[in-house]
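This briefing goes through selected local features of one chain. Please keep the sequence and the 3D view open while reading.

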Amino acid sequence: MQKILEQKSIFFQWQSLGLLLVFFALRVFSFFLRDNLIIQAIAVFLLIMVLGLLYFKNKNWAFRLVLAEIFLGGSGMYLEFFDLSIRTLLLGFFLFLWVGDHIGQRVLLKNLKIQKQINWAIYLLFLILFFAFFNGVFHEHSIKTAIQDLMPFTFLLLLFPSYQLFKDKKNQEFLIRLIIIFIIGSALFAFFSYVMFSTDIFQIHGEFYRWFRDVDAGKITDMGYNFFRVVEPNHLLIVPFLLIINSLLMRDEKHHIMWRILRFLAILLLVINFSRIYFLALLVGLLVLKYKHKIKFWLRESITTGVLLVIIFLGISVVSSSGQTWGWELLGVRLQSYSNPHIEISSNTRMILLPKILDKIEQRPIWGEGLGVSIIYTDSLTYQKIKTTALDWGYLELWLELGIFGLLFLLFLYIYAIFLLAKKIRMIPDWYDFDVGLLATLISLLIINITSPALFHVFGILYLVFALSIASGHTNIFEYIIILLYKIFNSIKSEVHYR
């Protein structure tokens with residue numbers, strides 16, 4: 001006898017709608033309670049209690065709560081407790097529970113062993129980081145700033161429970177839902193912010209602007225003609241996700257319309273972000289996607305992506321300016337700033353910082369200055385002295401903080417992941433689209449890191465962990481990746497034979 005079983009799509013479920021509502025509810029909640037530290041503290045305490053109860057009930061549920069905050073919680077600072085962000089507290093408490101649980105079961109050492117090369121890489125990196133931390137303290141840097149610089153790397157520790165818990169298919173499906181909601185929610189929120197400022201409902205230096213800058217760690221810039229750049233730290237993942245979507249679309253088969261909708265939303269967000277380094281990273285990533293893909297489909301999807309970029313940019317520019325401009329002036333300023341950085345504020349600030357960073361590196365090229373380094377410069381508009389820890393030069397910032405050995409070692413980890421992926425792709429006869437997309441994203445992150453802290457951002461670290469896990473070939477975390485990809489937007493019918 002046989003029975004037909006139907007497995008529902010991963011995305012088209014009520015949980016997806018719930019996660020999208022949570023995405024926006026967190027931002028609304030954070031905005032209205034930005035100055036109420038007591039209610040924030042109570043909310044954090046309750047969430048920590050919920051995490052503990054979930055862990056002892058079902059550790060997979062607790063793990064999903066941590067993942068949900070990472071992908072839905074923006075900067076991770078929407079709630080704070082004594083200057084500690086909810087993201088830091090959730091991660092720390094979850095790791096504490098996981099370690100304590102495994103010590104009690106006497107299986108901690110066993111579950112800390114993942115893959116020999118990856119284990120040694122993590123141990124060596126943390127050795128370098130601890131040296132950099134004490135080196136920063138020795139050079140009298142702010143301990144709080146040094147800890148803040150160290151925190152993104154602690155997300156590497158999430159690899160150990162992730163390696164174990166991602167063997168559960170429900171956790172895999174939950175992560176996929178989170179990523180899709182992340183793309184949809186980020187695009188809609190950026191578009192909402194853009195419209196509010198473009199229509200003068202919100203103003204620069206107003207309440208929403210201050211929340212966006214101070215709590216969400218974002219940036220909103222008036223570019224003229226009612227065109228506003230809207231930038232958030234979590235936008236770092238948009239180019240990687242866009243490249244993976246394009247890689248999947250380059251496969252010769254019929255694709256669900258949702259893949260193209262997600263690509264449209266990712267491009268919309270990219271246009272509103274309007275970051276030159278993201279556009280450059282996308283271009284390089286698209287060139288990498290030619291690897292293993294037929295030129296016909298590679299050209300079709302790459303050109304489609306480029307055309308969508310232009311159409312969305314021109315459309316937004318025309319509507320925002322009430323027909324005064326097609327936006328070529330804005331684009332021209334951004335492009336000219338490469339050769340003449342003084343005409344654009346962010347480029348000018350970056351060039352002012354460059355000689356000061358190089359001077360500090362020249363003083364301590366081997367060991368660096370340690371974590372928490374800051375630089376004082378004179379603002380070219382106000383002529384005021386400004387102290388900043390955002391150095392806007394990714395590789396130079398790494399060199400300055402970790403020293404030359406720390407910089408080279410972190411680079412080695414990314415290059416090693418690229419080497420493993422390329423090797424794996426060469427051995428795969430078919431269904432390599434996801435891996436090729438992952439390869440392109442790692443290279444795009446190396447490009448973004450030129451002017452942004454991509455490699456040592458929370459999302460950059462998590463992406464490295466994910467890529468190493470997939471590329472190593474010694475893990476079954478995403479053993480059924482092809483089936484999962486197909487199930488994202490499609491239902492699957494299967495036959496079950498029994499007596």
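**Helix packing and local geometry**

Helix α6 (residues 116-138) and helix α17 (residues 394-427) have axes that come within 10 Å and cross at roughly 160 degrees. An angle over 145 degrees counts as roughly antiparallel, so α6 is roughly antiparallel to α17. The model is predicted.

**Contact of α6 with α17**

- The crossing in which α6 passes α17 is left-handed.
- On the α6 side, the contact uses Q117, A121, L124, L125, I128, L129 and A132.

**Contact of α9 with α11**

- Helix α9 (residues 169-198) and helix α11 (residues 238-249) have axes that come within 11 Å, with a crossing angle of roughly 115 degrees.
- Angles of 65 to 115 degrees count as roughly perpendicular, and α9 and α11 are therefore described as roughly perpendicular to each other.
- The crossing of α9 past α11 is left-handed.
- I179, F182 and I183 of α9 make the contact with I238, F241 and I245 of α11.
- The contact of α9 with α11 has six nonpolar residues, no polar ones and no charged ones.

- Strand β4 (residues 219-222) and β5 run antiparallel and are joined by four bridges.
- One of the residues with a bridge partner in β5 is K219, which pairs with V231.
- Five residues lie between the strands of this hairpin, and G224 takes a positive phi near 95 degrees there.
- Strand β5 (residues 228-231) is covered on both faces. F228 and V230 are buried on one side, and R229 and V231 are buried on the other.

- S186 is in helix α9.
- S186 has a relative accessibility of 1% and counts as buried, because the cut-off for buried is under 20%.
- Leaving out residues up to four places away in sequence, S186 touches F23, I181, N234 and L269.
- R260 is in helix α12 (residues 257-273).
- The relative accessible area of R260 is 31%, so R260 is partly exposed.
- With residues up to four places away in sequence not counted, R260 touches L249, H255 and E301.
- R260 and L150 are 110 residues apart in sequence, and their C-alpha atoms are 38 Å apart in space.

**Positive phi in loops**

- Most residues other than glycine have a negative phi.
- A217 is a residue other than glycine with a positive phi, near 55 degrees.
- A217 is found in the loop between α10 (207-214) and β4.
- The relative accessibility of A217 is 36%, so A217 counts as partly exposed.
- K292 is not a glycine either, and its phi is positive at about 75 degrees.
- K292 lies in the loop between α13 (276-288) and α14 (295-320).
- K292 counts as partly exposed, at 32% relative accessibility.

How values were computed
Residues are numbered from 1 along each chain as its sequence is written. This is a predicted model: local features need pLDDT of at least 70, side-chain atom pairs count only at pLDDT 80 or more; totals for chains, interfaces and linings use all residues. Side-chain values use heavy atoms; hydrogens and water are left out. Axes are lines fitted to C-alpha atoms, for helices over the stretch in contact, and angles run from 0 to 180 degrees between N-to-C directions. Helices (H or I, at least four residues) and strands (E, at least two) are DSSP runs, numbered from the N terminus. Angles under 35 degrees count as roughly parallel, over 145 as roughly antiparallel, 65 to 115 as roughly perpendicular and the rest as oblique. A crossing is left-handed if the near helix is turned anticlockwise from the far one by less than a right angle, and right-handed if clockwise. Contact means heavy atoms within 4.5 Å. Ala, Val, Leu, Ile, Met, Phe, Trp, Tyr, Cys and Pro count as nonpolar, Asp, Glu, Lys and Arg as charged, and the others, Gly among them, as polar. Buried means under 20% relative accessible area, exposed over 50%, partly exposed in between (1.4 Å probe, protein chains only). Two strands pair if DSSP finds at least two bridges between them.
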